[in-house]
Amino acid sequence: MSTVTLYIDGKAVEVPAGSTILQAAQMAGIAVPNLCHHPFLKPSGACRMCVVEVEGARALMASCTTPAVQDMRIFTESPRVVEARKTVLHLLLANHPLDCLTCEAAGDCQLQDYSYRYGVEKSMYQGQRTSYPVDASNPFFLRDYEKCILCGRCVRVCDEIMGVNAIDYAHRGFKTKIATAFDGTLQESPCVFCGNCVTACPVGALVPKMQKGQGRPWEIQKVRTVCSYCGVGCQIYLHVRNGKVVGVSPADGPANRELLCVKGRFGHDYLHHPERLTKPLIREHGAFREATWDEALGLVASRLSEIKEKHGPAALAGLASAKVTNEENYLMQKLVRGAFGTNNVDHCARLCHASSVAGLAISFGSGAMTNSIAETEGADAIFVIGSNTTEAHPVIGSYIEMALKRGARLVVADPRTIDLAHKADVFMQQMPGTDVALLNGMMNVILKERLYDKEFVAERTEGFAEFAETLESYSPEYVEGITGVPAGTIREAARLYAKAERAAIFYSMGITQHTTGTDNVMSIANLAMLTGNVGRESTGVNPLRGQNNVQGACDMGALPNVFPGYQKVDDDAARAKFEKAWGVTLPSAPGLTMMEMMNAITQGKIKGLYIMGENPMVSDPDLGHVDETLDDLEFLVVQDIFLTETAQKAHVVLPGAAFSERDGTFTNTERRVQLVHKAVDPPGDSLPDWRILVRVGRLMGLEMDYSHPSEIMAEIASLAPNYGGITHDRLGTAGLQWPCPSRDHPGTRFLHKGQFTRGKGKFMAVTYKPAAELPDEEYPLVLTTGRMLYHYHTGTMSRRSAGLHAHRPAGYVEINPKTAQDLGVEDGDMVSVESRRGRIHIQAAVTGTVPKRVVFIPFHFVEAAANVLTNPVLDPIAKIPELKVAAVRVRPSEKGGAGE
Ligand code: SF4
């Protein structure tokens, strides 16, 4: 890399060629004031606060736009510079509230900081001031126009990073303001309320409502931790005052670099919701009564032990949680295996990415995201299939936006015209459940046109001949008949992806939640291997994991067939290692998956179930059946932070702690283990889940002796080779990406470099199989389900966040305008949606987002629960249910209310 050397305030500074003077000064630790500059944004040079004197130059130069040149001599605080900055401050303060130096943004306002720094107490210019009322019309943040200095950072963030363009400068001259098109409310605009404009605002013009009036910056303690919603793993600061979380701001984490989405920024007020559980509850005579911990845990241990004694260990089961820490998931599977004596342990990965774990393990030898989130920016082509990334993993959606701004090309395949579809170079709208055909069609083109990477295929893979033969029959014309995607579009997508130097695939539950989920995943792996897009930076196969710690729960062995670190339970050597470490004898037969557990309960084989932080009464398919099934249990324990729909059916409810009330680690979708820090105490008598599990374990005779989660992580590291080098004290703010086998290992940014985990990558000959339930005369429409931006999973947290709930209070079914017309339904009407498993009443959203034969329902709303309708039929390998395809009929309805 070529460099230049320049002199800033007399100090020699060597910087990469192409750096600006401002960047050079920052590298030298010299703080040059600036207001409109932001490291993520293109320099604009508008505010003139960053001017510097350059020896030999006639005028002062804006340091944020002026390149650093060899031997340049710069003065950042010369009298001319200081005078110019004072003038800028006088001009800004001339049209600013008079209380600037005492305003409540103090400590968080650069204008105020600079005014103090340069001794500008009051503007020397007097005149008219613009006066627009504060805009408080949205549920998340305020815009105080009088404090706005029109630096434009919010406008540029909304454009350059989010690609949303909800706001711009409106009016001109003295009346200029930041506004939406036609100066309407943000709700009427494309705004997604990510709050990244609030973060970018250098003054106090944009303020989260939750933080307003909650104290001055110096009264607030900021605790760094990780967002509790999705698997991106954004780092945040929790603002704590008087033992309460009173606000959230972004931290500069490796996955999010100060970006957040609406849930991370504004959705954490559920932490102090009055419905938080504060005491253990015991069901007596059909109702709950409060109990002491000794009483509740004594009952849990004795009832579970009785069932074990009477019916054997296989009559017990446990569900771990994608929401709690790695350490707690480790303890849960240890409790089930070591104290219950069974491998009947699973968690909600079974409902989201079990097919990724299974499929990628078969193809590559490791079932995790191959590359890192930040590498997205370096991709030349991005293929998003079955992932509504901007809604389900919004910050990764922002990385895709940034890559597009830099010239990357985008292919999107989705049954719905999702947000990214509008930005795609090629959009393929396939019928739900036809992904294998679509992918085979693309690979048929790549083979026929000899666009594949022959060297990579020859050296790094096996099974090519049989696989290539399978593709023969998948001509684009044939595939068009199955998927509905025009043959020409399939060809275009195949060429775009195959010709890119670095092409990355992103997928999510649109791929995995099918009876062919494992086949879908293996097809994606085939495509990446065929084009040599694995084992290199900014390429890869990237399953976007749903919940904040679903990757970690899998890593910790909260699965029925593997111990922590994916070591098989039927491997004698692995089992012997865990038996020695835990001082118990362990079962060798793999246990039951989540859906198999439900069937085993119905058959009377499982009689006792311990559920930690999961809500199958909303998340599982065919909810009517789940409801009846849980009633069949002799003993149900639920450990959670709210009395969820599942907890309401329990015999004992144990109040756990939220993520902000304990230490530990989460592992995000890119395999990065990150520290979670305790910020406040759990409410009432509630306890961190690890403390509860330790007490239950001891009462059931299992040796569990830990005084802090770091000790649990030390045990994990001693037993799981991919976590071998991970300790709390090494994680810092950057975390570590597994595999990290030893204490001197730096972690692994991308997998399969030079060699696949299994040695050679395995091409799998995969053929198209239709979904299990196709539309017919009786049920003529295809229901597909998914997430939406403003809510999360079963709604337990997001629906208790005031802003998120106010913005999106209810569910809806998306219906194509033509279908709606045929049904006699108008936008906003109540309709009934019915499948062979049940019926719900829900509001219609008439939209071209879905094609004619498809309807879509977000699954977060229990009162109109999509999963009343979904099909519990399973993928034969991963045992994941087909949540993405069910045959339904829709009829106009006058009723409101729940499923029947
Ligand atoms: Fe939280 Fe995910 Fe949003 Fe990041 S993208 S703030 S992790 S919900």
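1. **A word on the source.** Please keep in mind that this is a predicted model.

2. **Where α4 meets α12.** Helix α4 (residues 153–161) and helix α12 (residues 394–405) have axes that come within 8 Å and cross at roughly 85°. The two helices are therefore roughly perpendicular. On the α4 side the contact uses Asp 159, Glu 160 and Ile 161, and α12 brings Ser 398, Glu 401, Met 402 and Lys 405. Four of these contact residues are charged, two are nonpolar and one is polar.

3. **Helix α2 and its cover.** The 16 residues of α2 (residues 79–94) reach 22 Å from the first C-alpha to the last, close to the 22 Å expected at 1.5 Å a residue. Which residues of α2 are buried? They are Val 81, Arg 85, Val 88, Leu 89, His 90, Leu 92, Leu 93 and Ala 94. An α-helix has 3.6 residues a turn, so residues three or four places apart point the same way. Among the elements that cover the buried residues of α2 are β3 (51–54), β5 (73–75) and α3 (110–117).

4. **Gly 119.** You will find Gly 119 in the loop between α3 and β6 (141–143). Is Gly 119 buried or exposed? With a relative accessible area of 57%, Gly 119 is exposed, as its value lies over the 50% cut-off. Gly 119 and Ser 356 are 237 residues apart in sequence, and their C-alpha atoms are 60 Å apart in space.

5. **A cis peptide bond.** Have a look at the bond from Trp 738 to Pro 739, which is cis with omega near 0°. Pro 739 sits in the loop between β30 (736–737) and β31 (761–762).

6. **Positive phi at Asp 9.** Although Asp 9 is not a glycine, its phi is positive, about 50°. Asp 9 belongs to the loop between β1 (3–8) and β2 (11–16), and is partly exposed at a relative accessible area of 38%.

7. **Positive phi at His 793.** His 793, a residue other than glycine, has a positive phi near 45°. Its place is the loop between β32 (781–786) and α28 (802–807). His 793 is buried, with a relative accessible area of 15%.

Key:
Residues numbered from 1 in each chain as written. Predicted model: local features only at pLDDT ≥ 70, side-chain atom pairs only at ≥ 80, totals over all residues. Heavy atoms only, no water. Axes fitted to C-alpha atoms, helices over the stretch in contact; angles between N-to-C directions. Helix = DSSP H or I, 4+ residues; strand = E, 2+ residues; numbered from the N terminus. Parallel < 35°, antiparallel > 145°, perpendicular 65-115°, else oblique. Contact = heavy atoms within 4.5 Å. Nonpolar A, V, L, I, M, F, W, Y, C, P; charged D, E, K, R; others polar. Expected span 1.5 Å × (residues − 1). Buried < 20%, exposed > 50% of the residue type's maximum accessible area, 1.4 Å probe, protein only.
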